[in-house]
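Colleague: I would like to go through this model and ask what lies behind the terms used for it. Please show it first.

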Amino acid sequence: MTEGQINNIKGRIGEAIVEAILREAGYQVCRAGRENSLPGLMQNPREYTPDFVVFRAKHPGLYRLFHLEVRFRFDIESFLKDEAKKGATSIFEQRSKWPELYFVLVTDQPRRGKACLQVAELRNYQPGLEVQTIDLDRWDVLDVTSDIMSSYQAAIRDLFSALHYQTQLARQLYKEHAVALPHPPRARLGIP
């Protein structure tokens, strides 16, 4: 497996964990992302669609909908800085089409004092300015408790550490082949 493939797997695991957390907190969760839709059902298959539509009844017959995009990022702070530099082309600009869009960022290497699951709050987003995050269990928009979060954070660390080992193995394999061959056949090795 390549590092890119492993990161894609981590992203899918992150989505599954966020979905499980929200369901445990009493929310209805519908997968809506582009990769989950049949191309024939979409007007424009290249158009952005958030990963999840999330809702829960506030009062009988009254619902509030949220749109969540889940992204795995090894380094959340670098991702946020890079997106801020993009300005009008940032993925965060999608909030103009999706007013209740929030980003849940998943990492197994959170900065000290931060959780493995963080939310990028976009209410006051302005192109070029850095976006701040808040831990999912401290975010006042959803009711996710610390008890729910703690067990899933342990799962993230356990699952991702096993995948991290696979990444190290892929890098080692590449180094061995790169030294042994003058021009390693990268595609055949499955390494970008």
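Colleague: Which strands does helix 2 lie across, and at what angle does helix 2 run to strand 4?

Modeller: This is a predicted model. In it, helix 2 (residues 76-86) lies across strand 3, strand 4, strand 5 and strand 6. The angle to strand 4 is about 140°.

Colleague: What puts the buried residues of helix 2 on the same side?

Modeller: The buried residues are Ile76, Glu77, Phe79, Leu80, Glu83 and Ala84. They cover an arc of only 160° around the axis, so they sit on the same side of helix 2. Strand 3, strand 4, strand 5 and strand 6 are among what covers them.

Colleague: Which residue caps the N-terminal end of helix 2, and how do you know?

Modeller: Asp75 is the cap, with a side-chain oxygen 3.3 Å from the backbone nitrogen of Glu77. The cut-off for a polar contact is 3.5 Å. Just after helix 2, Gly87 has a positive phi of about 60°.

Colleague: What makes Asp135 and Arg138 a salt bridge?

Modeller: The N to O distance between their side chains is 4.0 Å, and the rule asks for a side-chain nitrogen of Lys or Arg within 4 Å of a carboxyl oxygen of Asp or Glu. The pair therefore counts as a salt bridge.

Colleague: Is Asp135 buried or exposed, and what about Arg138?

Modeller: Buried means under 20% relative accessible area, and exposed means over 50%. Asp135 has 6%, so Asp135 is buried. Arg138 has 60%, so Arg138 is exposed.

Colleague: Why are Glu19 and Arg23 about one helical turn apart?

Modeller: Because they are four residues apart in helix 1. Glu19 and Arg23 form a salt bridge, with the closest N and O atoms 2.9 Å apart. Glu19 is buried at 15%, whereas Arg23 is partly exposed at 41%.

Colleague: Which salt bridge partner does Arg64 have?

Modeller: Arg64 meets Glu100, at 3.0 Å from N to O. This pair links distant parts of the chain: Arg64 is in strand 3, and Glu100 is in the loop between helix 2 and strand 4, 36 residues apart. Arg64, at 29%, is partly exposed, and Glu100, at 25%, is partly exposed too.

Colleague: Last, what makes strand 1 and strand 6 edge strands?

Modeller: Six strands form an open sheet in the order 1-2-3-4-5-6, with mixed pairing. Strand 1 (28-31) and strand 6 (133-135) each pair on one side only, and they are the edge strands.

Methods:
Residues numbered from 1 in each chain as written. Predicted model: local features only at pLDDT ≥ 70, side-chain atom pairs only at ≥ 80, totals over all residues. Heavy atoms only, no water. Pairing = 2+ DSSP bridges. Helix = DSSP H or I, 4+ residues; strand = E, 2+ residues; numbered from the N terminus. Contact = heavy atoms within 4.5 Å. Axes fitted to C-alpha atoms, helices over the stretch in contact; angles between N-to-C directions. Buried < 20%, exposed > 50% of the residue type's maximum accessible area, 1.4 Å probe, protein only. Arc of directions from axis to C-beta. Polar contact = N/O pair within 3.5 Å; in protein donor to acceptor, adjacent residues only side chain to side chain.
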